[in-house]
Amino acid sequence: MLQNVIIKSQVAQQKLSFNTPEVDELFPGFTLGEFALIHGSASVTTITSMLCIRVQLPAQLGGLGSNVVYIDCANTFTQDSISRLAQINHLNPITARKHILNFAAFTAYQLTSLIMDKLEEKVKSFNAKLVVISDIAGLFLDSAIPKEEAQRGYRQIIDYLVSFAKKNQIIIIATYPSHENNIRNTTLKEITQNKTNTILSYYKTPYSAELNLEKHPTYLLGTAEPPSENMTLASFC
């Protein structure tokens, strides 16, 4: 019995980290069972692309030795970016790409069906411990969808993802790039932020980049600054 408790404890403590001293001091990593949000400028895809590679690394290097399911809602997934990041992390680019199962969603209805009806089967058959959903709210901001229907459907998938991550002990990371000019943005962003207990923001300019921990149940909130003004997080992982 004691041995089983120890094994379960070790599994629960597995983390997906950035493996960068400046960032890890602030945020040691994502844990299994977690639904997390990364918002900010369009460059948030830099972070998730890098995590799609890092999760494939062994635990001693901050990874989980795992495959990835990537749900692309904004045409953000590029093979070139994945190949470049794989080389930085000393992985074979072709092999690394094969460990990422990529799906595209073009409407809110497609995204809802993919999450509610197909995600569990895809995660289990592909043996993935990480799910990335790019621009999770973007498709629900379409004015062609009635406002009440969009809010109801969006809240449904967020509730499902929170429960799904915990039940299946995987990490789900959703990105939320800026949609400040859309009148629906505030409500959908609040729904997301209220449901997740881990929120990071990432902002990049031509001269600097910063990662902010804005919400977490145990870690102290703060900002991590990359060691060089001209480096993104992906450049020195």
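How many bridges join strand 8 to strand 9, and do the two strands run parallel or antiparallel? In this predicted model, six bridges connect strand 8 to strand 9 (residues 209-215), and the two run antiparallel. Four residues lie between strand 8 and strand 9, and the pair forms a hairpin. To find one point of this pairing in the structure, look for S201, which stands opposite N212 in strand 9.

Strand 8, made up of residues 198-204, also pairs with strand 3 (residues 35-40). Here there are five bridges, and the strands run parallel. Strand 8 is mostly covered: of its seven residues, five are buried. As background, side chains in a regular strand alternate between the two faces of the sheet.

Now turn to Q169. Where does this residue sit? Q169 belongs to the loop that runs between helix 7 (147-168) and strand 7 (171-177). Is Q169 buried, exposed or partly exposed? Its relative accessible area is 37%, and buried would require under 20% while exposed would require over 50%, so Q169 counts as partly exposed.

Which residues does Q169 touch, apart from its neighbours within four places in sequence? The contacts are L32 and G33. G33 is 136 residues away from Q169 in sequence, yet their C-alpha atoms are 4.1 Å apart in space. The side chain of Q169 also has a polar atom 3.0 Å from the backbone oxygen of K166.

Technical notes
Residues are numbered from 1 along each chain as its sequence is written. This is a predicted model: local features need pLDDT of at least 70, side-chain atom pairs count only at pLDDT 80 or more; totals for chains, interfaces and linings use all residues. Side-chain values use heavy atoms; hydrogens and water are left out. Buried means under 20% relative accessible area, exposed over 50%, partly exposed in between (1.4 Å probe, protein chains only). Contact means heavy atoms within 4.5 Å. A polar contact is a pair of N or O atoms within 3.5 Å; within protein, one must be able to donate a hydrogen and the other to accept it, and residues adjacent in sequence count only if both atoms are side-chain atoms. Two strands pair if DSSP finds at least two bridges between them.
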